[in-house]
Each structure stands twice: as structure tokens, then as C-alpha cells.
Amino acid sequence: ESRPRGAEGLGIISLRMLPGLYEIEAPPRDGRLDPVPARINVPPLLSHWTSVPLQAGYALTDAGEEQLAGALHDSLRECLRSTSPSPLGCPLAAPGAHGLSGSWRLITEPQISVSAGWMGVFTLYARDGVAEFTVPAADGQAPRTHRVLLDARAMGSLDREGEFKIGRAHV
């Protein structure tokens, strides 16, 4: 029995199996995802038995991680081009510079990590980066700088056709 499962585009498959050890693997994809098999041991019982749900999913390859990281870096670079102290949709905010214009620069690159989720969703996290917003000198005052922590994430998932898609980075 097979039925669709939500927006992920993946499905649930129910199998009736004879006793034994089985390995189920999702079909191969492009170079960004590697299939990860699921293993199950069906016991020799005469009564009805149901296993816990198994996920035959995917792991990101180095190329998949690079693509997610690239999407995140592109979004961060766009944020750093802003002259606003709180660019819309960005993890940057210089509260002491509200209403002023200035420029952003990256002081410390964020640490990157990847987390695999359920049903083909992957999240890339960028944490502990530091950015600086500088308000230029005006009316005889020295330039003012505001340093802020930088945390962001990007998500990738399988769409309804089973293709790997990168969503907009959530910065």
C-alpha cells in the first residue's frame, strides 16, 4: 500500500513481508544526495506484527553541503550590501543605529554545520559569526561602529518530483 505524504512530495509505503532481514534503499539521485538504507528484521511470528516507521532517506554529499552553504553565503552577502542598520529578512541588526545609514562588513565568518531532518529535509546553520555596522562621521563626530552576532540557516529538501531544492536562506 502506498500513499502520498504532505508537501515533502515523498510517500509512505506499507509492505507485507516474510520473516527475515531486509534492507530498503531510496532511489539514487544527483550528486548532491546519497541514499541511506533502512534495515529491518521481521521476526517469525504467526500473529500480526507492525514495525516502527523506517525512513529510507538521503544524506547530503559534499556537493550538496556546498550548494546549501553557497545559498546561505549569497543571502548573507546580500544582507551585508545593505545600508540599513536592520536589513529586512537578515540576521543583522544594529540597535544603536536606528534610523541611520551606514555600511556592513563581516568581521568573523560564521561556523557552518548541517543537520539532516525527517523526510528529506536538510538544514545548514551558520553560527557565531560577527558583523560590524559603521555609521560614517557627521557633524564633527567620529564614525560609530556596532558589532553584532550573526546566526542564519538555509534549508534544502526534496520536492514533489523528488528533486533536491534549495529554499531561500533564513537569515
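How many disulfides does a search of the whole structure find? The search finds one, a disulfide being a pair of cysteine sulfur atoms within 2.5 Å. This is a predicted model, in which local features need pLDDT of at least 70 and side-chain atom pairs count only at pLDDT 80 or more, while totals for chains, interfaces and linings use all residues. Residues are numbered from 1 along each chain as its sequence is written, and side-chain values use heavy atoms, with hydrogens and water left out.

**View A. The disulfide of C79 and C90.** Here the two sulfur atoms are 2.0 Å apart. The torsion about the S-S bond is about -90°, so this disulfide is left-handed. C79 belongs to helix α1 (residues 62–80) and C90 to the loop between α1 and β7, so the bond ties together parts 11 residues apart in sequence. Helices (H or I, at least four residues) and strands (E, at least two) are DSSP runs, numbered from the N terminus. C79 is buried at 2% relative accessibility, and C90 is buried at 17%; buried means under 20% relative accessible area (1.4 Å probe, protein chains only), exposed over 50% and partly exposed in between.

**View B. The one aromatic pair of the structure.** Now meet W104 and F133, whose ring centres are 4.9 Å apart with planes at 50°, so the pair is tilted. Rings of Phe, Tyr and Trp (its six-membered ring) pair if their centres lie within 6.5 Å; planes under 30 degrees apart are stacked, over 60 edge-to-face and the rest tilted. F133 is buried, at 0% relative accessible area.
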